[in-house]
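Take a look at the structure shown here.

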Amino acid sequence: MHMRRALFSIFLTVILLLAPLTDRAQQSPAAPKPKPASPAQPGAPRQEPPQQGGQTIVVPVNLVDVLFTVLDRRNKLVPALEKTDFKIFDDKLPQDIRYFSKQTDLPLRIGMLLDTSNSIRDRIKFEQDASINFLFTVLRHNKDEAFVMTFDDEPQIIQAFTGDAGALRDQIVKTRAGGGTAIYDAIYEACVKQLSHPPRPPGDQPDVVRRVMVLISDGEDNLSNHTRTEAIEMAQRTSVVIYTISTSTQWVSLSQTDPSKMGDRKYHLTDGDKILQELAEETGGRAFFPYHVDDLDQSFQDIGDELRNQYSIAYLPTNYVLDGRYHKIRIEIPDHKGYQVRARRGYFASASTNTPPAASPSGGIK
């Protein structure tokens, strides 16, 4: 009898000791499932997923992507070159080309930025006509899309992304001038909020689009919170090519200086013109200084052709350090001295794999 009681007491003690452990095991949360990797941004460091102990470890690969166009001496496209025709340099150091491709007929995602400040009041009609002509020349139905942003004291989207050129035109003709000029804020915001994640086209490669900005302004910024460097850096991070069209009226009639000649020419670039030129050249675009809107007709056709006939090179910089420093990129075609390359001029070596939010710009090789 005493033996039975002793055994029963021992059995109860064991049950009481094990109960909390069993309960705790039942309440323990399941291990969280790994989140799917987000799509890589164009030009950002790519990620490799090595396996270790059943877990995926994300390792940034500092791959620099460069989109570019090649033109001959007559400014005509050269679409038939191969990987062996090119050499690429990062801060003057030669690099091995890891990936090369020819990319043609890609969908365009266009940001049309119109200066509506007081300084261009007399040229608002010119801006409207130029932007409408561009959209109707370049935008292809059911393939390309564009949005319209105006900026004076601050940027404002007046028409979201659409493939309807008529809807874009209807909003553009309503624009009115007034206020200060915040060009750099407009570029920055357009890149972060619109062009960093543009509408995806259908098909097997939904993320392959060309991001384009057309900026029409006199180039004179007086209100931006962001600097010109920050605006250029953000365009480079989001792989946006900027084309600028000057509204400046610094022209002289040739007949004023030589009665035997007719026509007009630009007699000097204003400070604003030089800023527009820098914005375009740093991102791989072009700056235009037209006298009349009609002067732009062929230029718009050329832009459309350029954007749909580009090369892509990617390389791993041998001299890469996450120090935020600006690296200059140079692409050469040694066997074709007369050819010119139009590409962005560099990137910032910063530590992030995603396009930064508007409030806190961080890295990514762009």
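How many bridges join strand β10 to strand β11? The count is five. Keep in mind that this is a predicted model. Strand β10 covers residues 145–151, and strand β11 covers residues 155–162. The two strands run antiparallel. Find threonine 150 and look across to β11: glutamine 156 stands opposite. Three residues lie between β10 and β11, and the two strands form a hairpin.

Next, the whole chain. The protein chain has eight helices and 20 strands. It is 366 residues long, and 47% of these residues count as buried. Its accessible surface comes to about 19,500 Å². Carbon and sulfur atoms account for 51% of that surface. Now consider the contacts between residues with a separation of 6 or more. Of these, 74% link residues 24 or more positions apart.

Finally, a single residue. Alanine 280 sits in helix α7, which spans residues 271–283. Is alanine 280 buried or exposed? Alanine 280 counts as buried because its relative accessibility is 0%, and the cut-off for buried is under 20%.

What is alanine 280 in contact with, leaving aside its neighbours within four places in sequence? The list is Ile242, Thr244, Gly285, Arg286 and Ala287. Pick out threonine 244. In sequence, alanine 280 and threonine 244 are 36 residues apart. In space, they are 6.2 Å apart, C-alpha to C-alpha.

Conventions: Residues numbered from 1 in each chain as written. Predicted model: local features only at pLDDT ≥ 70, side-chain atom pairs only at ≥ 80, totals over all residues. Heavy atoms only, no water. Helix = DSSP H or I, 4+ residues; strand = E, 2+ residues; numbered from the N terminus. Buried < 20%, exposed > 50% of the residue type's maximum accessible area, 1.4 Å probe, protein only. Contact = heavy atoms within 4.5 Å. Areas by Shrake-Rupley, 256 points an atom, 1.4 Å probe, with all protein chains shown as cover. Pairing = 2+ DSSP bridges.
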